[in-house]
Amino acid sequence: MNTEFARNPLLDDRYFIPDVEAHVWDDGRIYLYGSRDSPGNPGYCSDEYHVFSSDDLVTWTDHGVSFRLDQAAWYTGGARALYAPDCAFRDGTYYLYYCVPDGRCGVARSESPAGPFEDVGVIDGVMGIDPAVLIDDDGQAYLYWGQFDGVRAAKLKDNMTEIIPESVTQPLSVAEHDFHEGSSVKKIDGLYYFVYTDTHRHKSPAHSYGMATCLGYAVSKNPMTGFKYGGVIIDNLGCDPGTWNNHGSICAFKGQWYVF
């Protein structure tokens, strides 16, 4: 029996991977998809992603660069960064959803969960950071994105690269859920759990956005509407007083749920 325990942070000090979305694929390994901070970069994120995987939460493999901003030829903005991504698997293909500094989102694909991913292009009709994706039991895929009252949910077409425009809804709000950003949606026992950066606690006039120092969640029987606030998962007040964001996810691995 493995008597080792996972450390926190999970990855060693060479790696800074915020905004992590964790997935377990058919090979039984858990994969981490996130943005990537790099030493010497004054911005929030660098312009490349790395994917990490493990079969025990103790030993992690860095699979190297999975995607670079330069691959997104459609993006011509001056700021060079890739923000929080997510990944989905359908019919032998892994789809990587990413966002860029001007607020648009793109999608790339690969036959491997670790990449490298090949860019497909920008997703028309999507404006807002932090894309998240859910494939329901019936095969319908949903995409989530946006900040504050600009948060949106939409059905994805079967090609996984386009939304159905007439399906777009606003699943959460600032008034009811104190939603900030960082969408992450999982289905558990028939219910949809929307995990997000939550500003219910510790609001401060020193921060124009409020101190979003919690990872909170809301629950619904519908993947796009009807979410009721559920509470706080993690309150990180005091761990970094100069930061007001907390973007994470939840994932089941070998019968146990974890918060990332």
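Ile 233 is partly exposed, with a relative accessible area of 30%, where partly exposed covers the range between buried (under 20% relative accessible area) and exposed (over 50%), as judged with a 1.4 Å probe and protein chains only. The model is a predicted one, in which local features need pLDDT of at least 70 and side-chain atom pairs count only at pLDDT 80 or more, while totals for chains, interfaces and linings use all residues. Residues are numbered from 1 along each chain as its sequence is written, and side-chain values use heavy atoms, with hydrogens and water left out.

**A nonpolar patch on the surface**

Ile 233 belongs to strand β15 (residues 228-235), and strands here are DSSP runs of E with at least two residues, just as helices are runs of H or I with at least four, numbered from the N terminus. Together with Ile 234 and Val 259, Ile 233 forms a nonpolar patch on the surface, and the accessible area of the three is about 200 Å². Such patches are made of residues with over 30% relative accessible area and no salt bridge, with nonpolar side chains (Val, Leu, Ile, Met, Phe, Trp, Tyr) joined within 5 Å and like charges within 9 Å. The areas come from the Shrake-Rupley method with a 1.4 Å probe, and for residues only the protein chains shown count as cover.

**Salt bridges**

A salt bridge is a side-chain nitrogen of Lys or Arg within 4 Å of a carboxyl oxygen of Asp or Glu, and a search of the whole structure finds 11 of them. Side chains of opposite charge can pair when their charged atoms come close. The table gives three of these pairs.

| Pair | N to O distance |
|---|---|
| Lys 186 and Glu 21 | 2.5 Å |
| Glu 48 and Arg 68 | 3.5 Å |
| Glu 162 and Lys 157 | 3.8 Å |

In the salt bridge between Lys 186 and Glu 21, Lys 186 lies in strand β12 (residues 179-188) and Glu 21 in strand β1, so the pair ties together parts that are 165 residues apart in sequence. Both of these residues, Lys 186 and Glu 21, are buried.

For the salt bridge between Glu 48 and Arg 68, Glu 48 lies in strand β3 (residues 48-54) and Arg 68 in strand β4 (residues 61-68), so this pair ties together parts that are 20 residues apart in sequence. Glu 48 counts as buried at 14% relative accessibility, whereas Arg 68 counts as partly exposed at 41%.

In the salt bridge of Glu 162 with Lys 157, Glu 162 is partly exposed, with a relative accessible area of 35%, and Lys 157 is also partly exposed, with a relative accessible area of 34%. Salt bridges that share partners also join Arg 36, Glu 48 and Arg 68 into one network.

**A cavity and a pocket**

On a 1 Å grid over the protein atoms alone, a cavity is a set of points where a 1.4 Å probe fits but cannot get out, while a pocket is an open set with protein on both sides within 12 Å along at least five of seven lines, and lining residues have an atom within 4 Å of a point. Grid points are joined across faces, edges and corners, and a volume is the space filled by probe spheres set on the points.

The search of the whole structure finds one cavity of 30 Å³ or more, and about 30 Å³ of space lies in the largest cavity. Its lining includes Asp 19, Glu 21, Asp 130 and His 247, and the largest share of that lining, three residues, comes from strand β5 (residues 83-90).

The second largest pocket has a volume of about 450 Å³. Of the 18 residues that line this pocket, the closest to its centre are His 23, Val 24, Trp 25, Ile 135 and Lys 186.

**Backbone details**

Asp 19, one of the residues lining the largest cavity, has a positive phi of about 60° although it is not a glycine. Asp 19 is found in the segment before β1 (21-24), and this residue is buried, with a relative accessible area of 18%. Lys 254 likewise has a positive phi, of about 55°, although it is not a glycine, but Lys 254 counts as exposed at 64% relative accessibility and lies in the loop between β16 (250-253) and β17 (256-259). Finally, a cis peptide bond with an omega of about 5° joins Gly 115 and Pro 116, and Pro 116 lies in the loop between β7 (104-110) and β8 (118-127).
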